[in-house]
Amino acid sequence: MIDLNVNGKKVSVSVADDMPVLWVIRDVLGMTGTKFGCGIGQCGACTIHVDGEPRRSCITKTSELADREITTIEAIGDTPSGKAVQDAWLRLEVVQCGYCQSGQIMTAAAIIDAIPEPTDVDIDQGMSGNICRCGTYVRIREAIKEAAKAVAAK
Amino acid sequence: MTMLRSVLLSILPALAAGLFLTAGQATETAQLKAAKDFSSVSDERARSVAVFEEAGKVIQHPRCVNCHPAGNRPLQNDDGHPHLPLVVRGEDGLGAIGMRCTTCHGATNFEAGHVPGNPKWHLAPIEMAWVGKSLGAICEQIKDPKRNGGKTLAQIVDHMVNDDLVGWGWNPGPGRTPAPGTQKEFGELIKLWVETGAHCPTT
């Protein structure tokens, strides 16, 4: 058994040590907001937070996350930065097809947590591993800036 | 959703081909001469240089130089192409906020995803850049405390012999050519190089 802390809840899962934690999140715990994209850490659709920092869940062994704090897209809205990002995403209608967006939001929230006023360079470098096939990058960048301002104003 | 996923997946084989170009190609460990093989070189300076040139097969190997780049991005694979996806050095050699080394690299190699791992995964500081330099220039750099992280030669030996991130070069996971020899053999060469005066090649 591997003891995990997912979205503030402790769970024990009986899986192979090297099972990607994305499999646990989606198939064992039934939370399907985190997406499978490439399976090799190239697209960012599977991004979660581990102790507040982005992590590609498709290439992370479940055993490495024992007793670490895992946050998924289902709970990121409970944090100030996550809520601000989601609100900005809606206001600016960032999403086109939406498949990559849970990963985009997870990385965006982490950037705002660490950088109160992210520049274009901060955003481009920090978001570089989150691919959007619809090309919503310009709206993503604006939404991150808007969300950062909203967090700073509180 | 299914269509989107198929579109997304359709672009990935190209990325994967770039990443894993050497998969299936030679990944056998090249040999390294042992320190004792240099005992016939009577001149100590010449022996020191010859030993370092042998150690240079490791130092200039892609498993080592890819994370000692001269620019702002790590390199990948045996052809040393820029890291995919784009990552940058960042203030601490651990990447930009949002795209840290640990975003993808875990404590151990993740073979299913072909992602290498080590708890210390990071980029060497820019003053330790090796790419594009001659072996002689790298040798002088390794001896220079201003460009080697303030290390003494004894600490350089310890780093080469015992550091497990250095050791990853001989355990890079499937699809990556390991550094020549073993870390022990490499360490013996570095020890002998220091013992013989730590002389550097002129080129």
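Visitor: Which domains does the domain assignment give for chain A?
Guide: This is a predicted model: local features need pLDDT of at least 70, side-chain atom pairs count only at pLDDT 80 or more, and totals for chains, interfaces and linings use all residues. Residues are numbered from 1 along each chain as its sequence is written; chains are lettered from A, and ligands numbered from 1, in the order in which they are written. Domain bounds come from an automatic or database domain assignment. For chain A the assignment gives domain 1 (2-75) and domain 2 (77-153).

Visitor: Which element gives the largest share of the side of domain 1 of chain A that touches domain 2 of chain A?
Guide: Residues are in contact if their C-beta atoms, placed from the backbone, lie within 7 Å. The contact takes 15 residues from domain 1 of chain A and 13 residues from domain 2 of chain A. Strand S3 (47-50), strand S4 (53-56) and helix H2 (73-76) of chain A each give two or more residues to the domain 1 side; these elements are DSSP runs numbered from the N terminus, helices being H or I of at least four residues and strands E of at least two. The largest share, 3 residues, comes from S3(A).

Visitor: In what order do the strands of the open sheet in chain A stand?
Guide: Strands pair if DSSP finds at least two bridges between them. The edge strands, each pairing on one side only, are S2 (9-13) and S4 of chain A. The open sheet has 5 strands and mixed pairing, with the order S2-S1-S5-S3-S4.

Visitor: Which residue takes a positive phi in the hairpin of S3(A) and S4(A)?
Guide: S3(A) and S4(A) run antiparallel, joined by 4 bridges. Thr47(A) stands opposite Arg56(A) in S4(A). The hairpin has 2 residues between the strands. The positive phi, near 50 degrees, belongs to Asp51(A).

Visitor: What is the bridge partner of Val50(A) in S5(A)?
Guide: S3(A) also runs antiparallel to strand S5 (residues 69-71) of chain A, with 2 bridges joining them. In S5(A), Val50(A) has as its bridge partner Ile70(A).

Visitor: Is H3(A) parallel, perpendicular or oblique to H6(A)?
Guide: The axes of helix H3 (residues 80-91) and helix H6 (residues 137-153) of chain A come within 8 Å and cross at roughly 135 degrees. Axes are lines fitted to C-alpha atoms, for helices over the stretch in contact, with angles from 0 to 180 degrees between N-to-C directions. Angles under 35 degrees count as roughly parallel, over 145 as roughly antiparallel, 65 to 115 as roughly perpendicular and the rest as oblique. Therefore H3(A) is, relative to H6(A), oblique.

Visitor: How many nonpolar residues has the contact of H3(A) with H6(A)?
Guide: Ala84(A) and Trp89(A) of H3(A) are among the residues making the contact, as are Ala147(A) and Val151(A) of H6(A). Ala, Val, Leu, Ile, Met, Phe, Trp, Tyr, Cys and Pro count as nonpolar, Asp, Glu, Lys and Arg as charged, and the others, Gly among them, as polar. The contact has 1 polar and 2 charged residues, and its nonpolar count is 9.

Visitor: Which helix gives the most to the side of chain B that touches chain A?
Guide: 30 residues of chain A are in contact with 26 residues of chain B. Helix H1 (2-19) and strand S4 (99-100) of chain B each supply at least two residues of the chain B side. With 7 residues, the element that gives the most is H1(B).

Key
Contact = placed C-beta atoms within 7 Å.
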